[in-house]
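Please keep the sequence and the model in view while reading.

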Amino acid sequence: MKRLLVISNMAHYRDPKHGVVGFGPAVEELSWVALLFDEVVHLGCLHEGQAPLNMLPYSAPNLRFFGVPPRGGEGIPAKAAILAQWPFLIRVLMKHLRTADAVHVRCPCNIGLLAVILLCLVREPRRRWIKYAGNWRPEGREPWSYRVQRWLLRRTWHGGVVTVNGQWEGDPPHVREFFNPSFSEAELEEARSWGRKKALNGVVRCAFVGRVEEAKGAGRAVEIVRRLREQGVEAELDVVGDGPMKEALVRANAPWLRLHGWLPRQKVGRVWREAHMCLLPSRASEGWPKVLSEGMAWGAVPVASTVSSIPQYLERFGCGGGGAGGRCGRICGGDRRISAGAGTMEARQRAGD
């Protein structure tokens with residue numbers, strides 16, 4: 001029997017109807033991975049409270065979730081709580097590592113750092129895949145634990161293959177580019193069918209999907225649309241998600257701004273099929289955000305910051321626009337190029353580029 005152990009800080013909740021649910025895009029990704037194994041154990045964070053609407057149950061019957069209490073935050077008390085949890089996590093991780101045939105660690109995160117350290121010390125399992133989803137070559141300030149994780153992952157002590165977003169000079173052979181999947185074939189075809197018939201007919205519909213916070217660029221997305229309107233462009237903005245900036249956007253009370261909160265995946269698709277542009281003026285530690293892939297599949301031109309691998313991929317696929325320092329620059333392409341650029345990118349994604 002082939003057993004895979006997945007280690008991550010991915011958020012999970014208990015739902016009265018569906019049992020344990022997790023972050024939708026990652027749940028779907030792991031459900032596909034589970035097809036390659038007889039049994040999968042996902043060791044992740046189990047949160048209390050009501051599950052947000054962007055959470056999904058696992059579709060793979062052979063995937064079992066093991067929850068640990070989430071830890072993190074700024075300041076000495078939060079860091080002390082993380083260290084105090086390590087003895088418990090070490091016992092749990094070692095127990096599951098002994099029975100696994102392969103292990104998949106998702107970084108950067110606190111439990112991911114601990115898992116990588118343990119992999120440097122133990123021999124089993126021999127098959128190891130470590131995914132670094134954040135910015136592999138950051139330029140700004142970030143948590144020290146992220147720097148430690150990248151330093152360890154560039155060494156061979158952990159004995160695994162490391163996948164990152166983008167191509168970077170000077171990395172060792174075990175660090176490889178890997179483009180994250182977003183859609184199934186059926187979802188991709190549905191999105192592309194809407195993208196092909198999309199056109200600009202007066203109103204420019206923009207969409208921001210993600211955590212509504214400063215780091216992700218929610219406020220800058222609103223500012224972009226406001227400036228477009230000041231220049232005579234009839235633009236509107238749909239914001240899908242929740243976060244610390246949501247109340248400020250509610251108080252803005254702009255008639256051209258629609259706040260949806262978190263939506264199920266199907267309803268997010270209804271927003272994307274009307275959108276002409278996907279705005280992500282982020283300053284966060286991005287790798288390649290799935291939201292850009294999904295928006296492009298639906299025919300929305302990506303307008304994003306020059307963070308991590310984002311400019312690499314936009315240049316490679318010949319679509320979208322960006323700007324240095326988190327400021328949006330020019331927007332490439334008119335209505336006839338919206339679906340063309342997005343379709344090219346998603347076709348290469350599907351082919352495993």
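Helix H3 (residues 110-119) is mostly covered, with 8 of its 10 residues buried. Buried here means under 20% relative accessible area, exposed over 50%, and partly exposed in between (1.4 Å probe, protein chains only); helices (H or I, at least four residues) and strands (E, at least two) are DSSP runs numbered from the N terminus. The buried residues of H3 are Ile111, Gly112, Leu113, Leu114, Ala115, Val116, Leu118 and Leu119.

The model is a predicted one, in which local features need pLDDT of at least 70 and side-chain atom pairs count only at pLDDT 80 or more, while totals for chains, interfaces and linings use all residues. Residues are numbered from 1 along each chain as its sequence is written, and side-chain values use heavy atoms, with hydrogens and water left out.

In soluble globular proteins, nonpolar side chains tend to be buried together. A nonpolar core is a set of buried Ala, Val, Leu, Ile, Met, Phe, Trp, Tyr and Cys residues joined through side-chain atoms within 4.5 Å. The largest such core has 49 residues, of which Leu237, Leu257, Trp272, Met277, Leu279, Trp288 and Leu292 touch the most other members. Helix H6 (residues 218-230) gives the most to this core, contributing 6 residues. A second, separate core of 33 residues includes Cys109, Ala115, Leu153 and Val164.

Strand S13 (residues 277-280) is covered on both faces: Met277 and Leu279 are buried on one side, Cys278 and Leu280 on the other. In a regular strand the side chains alternate between the two faces of the sheet. Strand S10 (residues 204-209) runs parallel to S13 and is joined to it by 2 bridges; two strands pair if DSSP finds at least two bridges between them. Within this pairing, alanine 207 stands opposite cysteine 278. S13 also pairs in the parallel sense with strand S14 (residues 301-305), over 4 bridges, and valine 303 in S14 is the bridge partner of leucine 279. From S13 the chain passes through helix H9 (residues 290-297) to S14 in a right-handed β-α-β crossover, that is, with the strands pointing away from the viewer, the path from the first strand over the helix to the second runs clockwise.

Aspartate 238 lies in strand S11 (residues 235-240) and is buried, with a relative accessible area of 4%. Its side chain makes polar contacts (pairs of N or O atoms within 3.5 Å; within protein, one must be able to donate a hydrogen and the other to accept it, and residues adjacent in sequence count only if both atoms are side-chain atoms) with the side chains of arginine 205 at 3.2 Å and arginine 258 at 2.9 Å.
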